[in-house]
Structures are given as structure tokens and as C-alpha cells.
Amino acid sequence: MNSDIAAYLHDAAPWRAELERLRSMLLACGLSEELKWRQPCYSINGGNVAIIGTLKDCCTIGFFKGALLSDPEGVLEKPGENTLAARRIKFTSVAEIDEQESVLMALIQEAADNEKQGKAVEKPASQSLDVPEELQAEFDVDPSFQKAWEKLTPGRQRAYLMHFSSAKQSATRTSRIHKVIPRIMDGYGMNDCTCGLSKRMPGCDGSHKFL
């Protein structure tokens, strides 16, 4: 087992058994695993397919391009109102996971096949945001920064772009970009937890304020 994943699961009480069950199903579909955004992430051919984690009252499996999946049982949900591509399923017991095993395995396999085929979720014109020239300038100066940016999920990129573009002055846009470059280089979104204390990973719930 990947040592980072083993450490994560060791500290994942009370949802360890549920996460281990989900993990076994993901690996059975031939996916590779590594720790990304402080959670076990599963990929194929270098493309992210699924991620597992915990919330306060449940554990979850999330599909990065879940909007592409056929969902005849209606088990997938949007993590947030404005989520474009990602979908997730919540569980509170191993028994629930076992009851949905055939449905889950079909979804995981379909998600893996979609990634191998290079399928992408189309962005509605209303949600498409251009890269501001200040951000492009940073990419031109530092190609490694652009590579880190391209590894972010579309939702994380969109949140950053909205933050940058809402500034009226070019100097303000540049300042905002410079402030978050370290977060982006580390693979974090604007609202992701970076201290590891949040109970609503990967999102920040303000726990760092009590350090």
C-alpha cells in the first residue's frame, strides 16, 4: 500500500472501514493511487478519475468528471450548487457501500474509460472565463507555475479566475495572483484547507483560526 494512503487511512476514524472498502473497489478497476489535496486520489494514464474522503457525518467518493457518467440509479450529487463537472456519493456504513457495489463498480469503470478516451465536460458559455493577461504573464515567466495551474481541477481554476477577474485594476489582479501562487504550486484551491485541521476536507472550515 502507498505509505501516504496508509497513513491517511490510519487517521481516518470513524470512517476507516468504509474508505478501505471504497479503496479496494477503485484498485480493482486498475486505477493508480496517490495522496492529492490530502486525500486518496485515483487516476489512470495520469488523469484524475476519483477521490475518496470524509465529511463530518459521512465518507464520500467523488468523480472528477461525474457529469459525464450515466446515472440510472440517481446516486450522484453535485458537491456544490455551482459545481460543473464533479459528482459524489455519500456513505455512512460499509453495508451501504456493499448494497451499491454493482452500481459503484459500473460508475468507476465508466469514469476510468472516459478518462482513457480523453472525454471532457463542456463548459457552458456563461461559465467560461478567459485567462486574464496578468495570469498569462506569470505563466510566460514561470512555466512550472503554468503546469501547476493545469493540474488544478476545473472548479478550482474557475474559482481563482473569478477572484482574479473581479478586480478592476491590473495591479490588483497581479497582486491577487502573486498572493496565491504558493497555494497553486502546492495544488490547493482558493478554499482548500492547507493546515490539515479542517473537519470538512478538502475545504477549509476555519479550524486554523483556533491554532
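Tryptophan 149 is buried, its relative accessible area being 5%; buried here denotes under 20% relative accessible area, exposed over 50%, and partly exposed the range in between, for a 1.4 Å probe and protein chains only. Phenylalanine 139 counts as buried as well, at 4% relative accessibility. The model is predicted: local features need pLDDT of at least 70 and side-chain atom pairs count only at pLDDT 80 or more, whereas totals for chains, interfaces and linings use all residues. Residues are numbered from 1 along each chain as its sequence is written, and side-chain values use heavy atoms, with hydrogens and water left out.

**Aromatic pairs**

The whole structure contains five aromatic pairs. Rings of Phe, Tyr and Trp (for Trp, the six-membered ring) pair if their centres lie within 6.5 Å; planes under 30 degrees apart count as stacked, over 60 as edge-to-face and the rest as tilted. Two of the pairs are set out below.

| Pair | Centre to centre | Angle of planes | Class |
|---|---|---|---|
| Phenylalanine 139 and tryptophan 149 | 6.1 Å | 50 degrees | tilted |
| Tyrosine 160 and phenylalanine 164 | 5.9 Å | 20 degrees | stacked |

Because phenylalanine 139 belongs to helix 5 (residues 133–141) and tryptophan 149 to helix 6 (residues 143–151), their pair ties together parts that are ten residues apart in sequence. Helices (H or I, at least four residues) and strands (E, at least two) are DSSP runs, numbered from the N terminus. Tyrosine 160 and phenylalanine 164, by contrast, both lie in helix 7 (residues 154–165), four residues apart, or about one turn of the helix. Both tyrosine 160 and phenylalanine 164 are buried. One aromatic cluster is formed by Phe139, Phe145, Trp149, Tyr160 and Phe164.

**Nonpolar cores**

A nonpolar core is a set of buried Ala, Val, Leu, Ile, Met, Phe, Trp, Tyr and Cys residues joined through side-chain atoms within 4.5 Å. The largest such core has 30 residues, and Ile61 and Phe63 have the most contacts inside it. Helix 4 gives the most to this core, namely six residues. A second, separate core comprises twelve residues, including Leu135, Phe139, Trp149 and Tyr160.

Contact means heavy atoms within 4.5 Å. Apart from neighbours within four places in sequence, isoleucine 61 is in contact with residues including Leu22, Ile51, Phe91 and Ile108.

**Asparagine 114**

Asparagine 114 is located in helix 4. This asparagine 114 is buried, with a relative accessible area of 7%. Not counting residues up to four places away in sequence, asparagine 114 touches Leu68, Leu69 and Lys119.
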